[in-house]
Amino acid sequence: MIQRSLEGRTALVTGSTSGIGLAIAQRLARDGATVCLHGLGDAAQIKAAISAASSGSGPQPGHFGGDLADPGAAQSLIDEVARTVGSIDILVNSAGIQHVCPVTEFSLERWNAVLAVNVTAAFLTIQRALPAMLERNWGRIINIASVSGYVGVPHKAAYAVSKHGLLGLTKVVSSETARTGVTCNAVCPAWVLTPLVERQIEARAARDGVSFATAATELVSASVPSGQFVKPEQVAGLVSFLCSPDADEVRGVGWNIDGGRLAR
Ligand code: NAD
């Protein structure tokens, strides 16, 4: 039986027009939350995301735009959701971008873009959403970090810095809210087969002259002990747990979901 344990809660999932964020939005909607989608995309992609995240019985998810590379957009996003749907109880920062390039060739423009979307936007959404959570003495903040929050994978300088930073931000916010009903945690997946990773597999396939399927298998088996991709739905399941009463005292963790990647 499906437990609609988040009924009455409002959730904003940034970067939920695609990939992991979309799976999280679907799961939180299934758990009964009123879900606010956010992210880039054309009208067809946004329509498809709304339809995918509609739980059938709950309210239809709304979509909010805003390019998170712009600090003003991150703040306006929180204000717009609060104005049109209500105060945010669950904030999931999932929007993220990647740029793969040796550090000697990494442009400042790309560096700034990755940091802006992956960590500065999370700082700004948390800063804006937290006061209302504290007023109600309940809230969940979940940052989608990465195993790159713990290790330095070659050619991912800005991404690694952003995810290490996101884990630091998670711990600070958790410390500042420790005596309240608000928790802040991070989830750290290894490879998840989404558009963000598909682009990296395509580049690998072109470089090695192999098929997409071969490049995908090689990518995962090179670094993940289980040899498996993490499924977006599995990340969403962990987020759902972190929103549950059982996780009331889970605070400030960076929770690996990585096929054993960081145990090696
Ligand atoms: P994705 O490309 O499928 O989705 C990214 C989402 O972020 C989209 O909704 C997109 O519209 C949004 N977004 C990107 N740039 C934006 C901007 N400037 N303004 C507003 N929204 C923007 O990627 P994904 O794999 O689902 O990644 C989601 C999160 O998970 C990211 O933070 C990523 O770093 C993290 N992550 C992914 C993997 C993986 O293997 N896919 C592993 C670990 C962590």
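Modeller: Leaving out neighbours within four places in sequence, Thr34 is in contact with Arg9, Thr10, Ala11, Pro59 and Val85, where contact means heavy atoms within 4.5 Å. This is a predicted model, in which local features need pLDDT of at least 70 and side-chain atom pairs count only at pLDDT 80 or more, while totals for chains, interfaces and linings use all residues. Residues are numbered from 1 along each chain as its sequence is written, and side-chain values use heavy atoms, with hydrogens and water left out.

Thr34 lies in strand β2, residues 34-38. Helices (H or I, at least four residues) and strands (E, at least two) are DSSP runs, numbered from the N terminus. With a relative accessible area of 23%, Thr34 is partly exposed; buried means under 20%, exposed over 50%, and partly exposed in between, using a 1.4 Å probe and protein chains only. From Thr34 to Ile141 the chain runs 107 residues, and their C-alpha atoms are 16 Å apart in space.

Now for a spot in helix α4 (residues 108-136), where Asn118 is found. Asn118 counts as buried, at 2% relative accessibility. Not counting residues up to four places away in sequence, Asn118 touches Ala95, Gly96, Ile97, Tyr159, Ser162, Lys163 and Leu166. Among these, Ser162 also makes a polar contact with Asn118, side chain to side chain, at 3.2 Å. A polar contact is a pair of N or O atoms within 3.5 Å; within protein, one must be able to donate a hydrogen and the other to accept it, and residues adjacent in sequence count only if both atoms are side-chain atoms.

Staying with helix α4, we come to a charged pair. The side chains of Arg136 and Asp89 meet in a salt bridge, 3.0 Å from N to O. This pair links distant parts of the chain, with Arg136 in helix α4 and Asp89 in the loop between α3 (71-84) and β4 (90-93), 47 residues apart. A salt bridge here is a side-chain nitrogen of Lys or Arg within 4 Å of a carboxyl oxygen of Asp or Glu. Arg136 is partly exposed at 37% relative accessibility, whereas Asp89 is buried at 7%.

Asn137 is partly exposed at 44% relative accessibility, and its phi is near 55 degrees, a positive value in a residue other than glycine. Most residues other than glycine have a negative phi. His155 also has a positive phi, near 75 degrees. It sits in the loop between β5 and α5 (157-176) and is partly exposed, with a relative accessible area of 42%.

Strand β5 brings another charged pair. Arg140 and Asp248 meet in a salt bridge through their side chains, at 2.7 Å from N to O. Arg140 lies in strand β5 and Asp248 in the loop between α8 and β7 (254-257), so the pair ties together parts that are 108 residues apart in sequence. Arg140 is buried at 1% relative accessible area, while Asp248 is partly exposed at 34%. Arg4 is partly exposed at 27%, and Glu7 is exposed at 52%. By this rule the count comes to seven salt bridges.

Finally, the wider layout. The domain assignment of the protein chain gives domain 1 (10-189 + 231-256) and domain 2 (192-229), with bounds from an automatic or database domain assignment. The centres of the two domains, taken over C-alpha atoms, are separated by 25 Å. Twelve residues from domain 1 and six residues from domain 2 take part in the contact. The area buried between them is about 580 Å², of which carbon and sulfur atoms give 69%; buried area is the accessible area (1.4 Å probe) that two parts lose on being put together, summed over both. Across this interface the rule finds zero salt bridges, and one residue pair is in polar contact, both at pLDDT 80 or more. On the side of domain 1 that touches domain 2, the elements giving two or more residues are α1 (19-30) and α8 (232-242).
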